[in-house]
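Here are my notes on this one, point by point. Have the structure open while you read.

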Amino acid sequence: TNLPDFKALLRQFYKKAHPDLLRSSSISASELNDNSFQELNSILTVIKGTTEHPPAIKKSIPFYIIYDNKSINQHNLKLKTSGGDCKNQLTKCFVGFFREIGILDRETFQWSDEYFQPLNVTIEKDNKQEDDNYY
């Protein structure tokens, strides 16, 4: 089965929480989401296209979510990483959040290609030539 793509899930999330959607009903909720999106985007920039491990993160980012019945509820995206290879940790954080706000009904998703680029790892080659007669 095909797993949902992170980018597509993020787009669905934006449609439920974009500050412009909240402006007419709640200026404070709109401003909170605006600040929260700035914070989220700065974190996503770190893991997008980088070839380094992101720093350790422990944050709870609040968002107001607009539901189909026009109700608005606050949910917190709880992000926690150790600063190393955190792809699995972040996957769990986003899965929990996406499931909580009703846009994911599975246990996982696939990261879009631009996230978590292969790390820059230099492997030094041994310059010694192998000698067939060496025992």
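1. Start with S36: at 4% relative accessibility it counts as buried (buried is under 20% relative accessible area, exposed over 50%, partly exposed in between, with a 1.4 Å probe and protein chains only). S36 sits in helix α3, residues 27-47 (helices are DSSP runs of H or I with at least four residues, strands are runs of E with at least two, and both are numbered from the N terminus).

2. Before going on, keep in mind that this is a predicted model, where local features need pLDDT of at least 70 and side-chain atom pairs count only at pLDDT 80 or more, while totals for chains, interfaces and linings use all residues. Residues are numbered from 1 along each chain as its sequence is written, and side-chain values use heavy atoms, with hydrogens and water left out.

3. What does S36 touch? Setting aside neighbours within four places in sequence, S36 is in contact with I61, P62 and F63 (contact means heavy atoms within 4.5 Å). The S36 side chain also reaches the backbone oxygen of P62 at 2.5 Å.

4. Now the helix packing. Two packed helices are described by the angle between their axes and the distance between the axes. For α1 and α3 the angle is about 165° and the axes are 12 Å apart (axes are lines fitted to C-alpha atoms, for helices over the stretch in contact, and angles run from 0 to 180 degrees between N-to-C directions). That makes α1 roughly antiparallel to α3 (over 145 degrees is roughly antiparallel, under 35 roughly parallel, 65 to 115 roughly perpendicular, and the rest oblique).

5. Which residues make the α1 and α3 contact? F6, L10, F13, Y14 and A17 in α1 meet N33, F37, L40, N41 and L44 in α3. By class, this contact has 8 nonpolar, 2 polar and no charged residues (Ala, Val, Leu, Ile, Met, Phe, Trp, Tyr, Cys and Pro count as nonpolar, Asp, Glu, Lys and Arg as charged, and the others, Gly among them, as polar).

6. Helix α1 (residues 6-17) also packs with α4 (residues 87-100): their axes come within 11 Å and cross at roughly 40°, so the two are oblique to each other. Here F6, L9, L10 and F13 in α1 meet F94, F97 and F98 in α4. This contact has 7 nonpolar, no polar and no charged residues.

7. Last, look at I72, in strand β2 (residues 72-81). Is I72 buried or partly exposed? At 31% relative accessibility, I72 counts as partly exposed. Not counting residues up to four places away in sequence, I72 touches L22, S25, Y64, I65 and I66. I72 and A29 are 43 residues apart in sequence and 9.2 Å apart in space, C-alpha to C-alpha.

Notes. Polar contact = N/O pair within 3.5 Å; in protein donor to acceptor, adjacent residues only side chain to side chain.
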